[in-house]
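Biologist: I'm new to this one, could you walk me through it? Let's bring it up and start with the helices.

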Amino acid sequence: MCGIVGYIGKEQAAPILLEGLSRLEYRGYDSAGVAVFDGMSGTLAVHKAKGRLQVLSDQLHGGADLNSTAGVGHTRWATHGAPSDVNSHPQVSRSGRIAVVHNGIIENYAELKTFLLAQGVPFTSETDTEVVAQLIEYFYEGDLLAAVGRALRRIQGAYALGILCADCPDQIVAVRKDSPLILGYGEGCSFIASDVTAILRHTRRVGYMEDGELAVLTREGIQCYDHLMQPVRKDAVTIDWEIDAAEKGGYEHFMFKEIMEQPEALRRCLSPRIRQGEVVFEDFALSEEYLAAMNRIYIVACGSSYHVGMVGKYHLERLTRKPVEVALGSEFRYMDPIVDEHTLVIVISQSGETLDTMAALREARRLGGHILSIVNVVGSSIARESDQVLYTWAGPEIAVATTKAYTTQLALLSLLALWMGNRLGTVSQEEYRRAAAAFLELPGKMEEVLSRRDGIQYLASQYFNHDSIFFIGRNLDYALGLEGSLKLKEISYIHSEAYASGELKHGTISLIEEGTLVVALGTYEALFAKAMSNIVEVKARGASVLALTTQGRREEMAQTADAVMTIPDLHQLLLPCLGVVPLQLFAYYVALMRGCDIDKPRNLAKSVTVE
Ligand code: F6R
């Protein structure tokens, strides 16, 4: 999705903006631009280019061409209007004196455009953002903040905005509603950014803007205002991870680095939460009375986080005997969900900014549910709007396709299920102890899987030229297949579907023909025999079967499947967490062999902040 960086200080702004934007490239974008004050002429210099940031950077010689100490920059992911130089941001007003960078969508832009056109304001782009620049100029009478305030009263939608005005060379105005924006506090300088990675090289002290807030950035500091223009105090928090964590560190791709980082991320996530054989959550609590009265659990998420929820449903229902529904963030609001004060709503999001998930959270809150979120990005919108938060502590995830966030979310949700089962008395003490101990074994077992990655690379070389791949499995293996299939299709562009094995014969099996690749998942011990019979079924129709099972079942599986990937034996609760790793590696190597842009797959964005 779009990225924003803004800087005002004493150093040359453009190189800082371009470097900051390069840190946001991972989010996915199709064009880039910067606007800076030109002190000599008293105007704004705006430069934009379709395509990679490098195109813009080359045009500006890395920013050296722009002599200015304040400006804003943007990477755009097209929504209104195709990717082009003219539709890129910053968008400027008719006089060129107001420039705006924008993340989000202005919902009533057509109505505002009609109004402005009727006032004789000409438009040059197809974007919703140009409306914002034109409207601010329309209201501008010498006080930028007042003009922004008046414009905001007319604007509906989601926005993070960075605004420059040629008349105010010593300030940048920032605004946030439903789209993240961070303030950065430096020595003699101030920053805005849509993601902390863009400014971490310059400052670790950041402030999170709340919805409806405005900020005026100067070289001396930042003043925030609420939607009524009343000054608000904002405390800075210090980011405690290093910029190296968001760099490739010698790996060819972020995705591969993040796959390899999973054991460490799991140790960070799990070790503090399991002590002397007990599951301990210091960061949150749900009373025994609350748990006993809980009538149902909703899990709400999108994409891979939703797949975590699909696995979590099986675990939670088995361990707590409470009904669990898993809902897509984009569907939840429209399903008339049955939520009241006895409903626990578990919201899962790596970024903590996914708009559909956030909208579902707000709907659940409106209905009276208790919101517990599982989030990676500290201080993100979803984390801040939840009643309670469990952080995954996976570290920054840069590759668009999630890996370490998925496994830490899944481990944490599984741990939560075990903790709840123990509190409710619905899990035996014996199972509780055995499972709690298994969580501590998980990182080591995952290292074993990763150390055997050459075998998976070989399998990828055998199958990378297939056009269509099916993932099949039952119960936990079905939920795992959903994620394996998504991982493969999103980065390799191979058409792939995941099916509950039992459903095949109700239609899908007609697609299986000589040579079709079926990835058959058979890690769930209780349903191993069923998995085998489904494999026989597809083989009888000519499919090639690549199976995934546990080491204990390898030999049996090898008698039927064409090729077998294995994971170490471990408590059933954790097998999906382990089982996803070979599927991630398979997807990665297949995409590598097909020459795909692994970290930035086409059309995708890291954090989806539009509906
Ligand atoms: C797929 C992927 C996406 C995200 C989804 C939700 O690899 O990363 O499907 O899982 O966009 O994102 P978050 O978890 O940030 O809400």
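Modeller: A word on terms before the helices: axes are lines fitted to C-alpha atoms, for helices over the stretch in contact, and angles run from 0 to 180 degrees between N-to-C directions. Please also keep in mind that this is a predicted model.

Biologist: Okay, so at what angle do the axes of α13 and α14 cross?

Modeller: The axes of α13, residues 404-424, and α14, residues 429-451, cross at roughly 165° and come within 10 Å of each other. Since angles over 145 degrees count as roughly antiparallel, that makes α13 roughly antiparallel to α14. The crossing in which α13 passes α14 is left-handed.

Biologist: And which residues of α13 and α14 meet there?

Modeller: From α13 there are Thr407, Ala411, Ser414, Leu415, Leu418 and Asn422, and these meet Gln429, Tyr432, Ala435, Ala436, Phe439, Leu442 and Met446 of α14.

Biologist: What about α4 and α5, how do their axes cross?

Modeller: Helix α4 (residues 129-139) and helix α5 (residues 144-154) have axes that come within 8 Å and cross at roughly 120°, and α4 and α5 are therefore oblique to each other. Their crossing is right-handed. On the α4 side the contact is made by Leu135, Ile136 and Phe139, while α5 contributes Leu144, Ala147, Val148, Arg150, Ala151 and Arg154.

Biologist: Switching to sheets: what is the order of strands in the open sheet of 5 strands?

Modeller: The order is β24-β23-β25-β26-β27, and the pairing is parallel. At the edges stand β24 and β27 (563-567), each with a single partner strand, so one side of each is left without a neighbour in the sheet. On average, neighbouring strands of this sheet are turned by 20° against each other, if direction is ignored.

Biologist: Which helix packs on that sheet?

Modeller: Helix α17, residues 528-540, packs on the sheet and touches β23, β25 and β26 (544-550), and the direction of α17 makes about 170° with that of β25.

Biologist: Is β23 enclosed or open, and why?

Modeller: Strand β23 (residues 468-473) is largely enclosed by the rest of the structure, because 5 of its 6 residues are buried. As for partners, β23 runs parallel to β24 (residues 495-500), with 6 bridges joining the two. Between β23 and β24 the chain passes through helix α16 (residues 476-492), which gives a right-handed β-α-β crossover. Strand β23 is also joined by 4 bridges to β25 (residues 517-522), again running parallel.

Biologist: What does isoleucine 469 pair with in β24?

Modeller: In β24 the bridge partner of isoleucine 469 is serine 496, and in β25 leucine 517 stands opposite isoleucine 469.

Biologist: Last one: which residues does the cis peptide bond join?

Modeller: The cis peptide bond joins histidine 89 and proline 90, with omega at about 0°, and proline 90 belongs to the loop between β4 (70-76) and β5 (91-92).

Note on methods. Residues numbered from 1 in each chain as written. Predicted model: local features only at pLDDT ≥ 70, side-chain atom pairs only at ≥ 80, totals over all residues. Heavy atoms only, no water. Buried < 20%, exposed > 50% of the residue type's maximum accessible area, 1.4 Å probe, protein only. Pairing = 2+ DSSP bridges. Right-handed = clockwise from strand over helix to strand, strands pointing away. Parallel < 35°, antiparallel > 145°, perpendicular 65-115°, else oblique. Left-handed = near helix turned anticlockwise from the far one by under 90°. Contact = heavy atoms within 4.5 Å.
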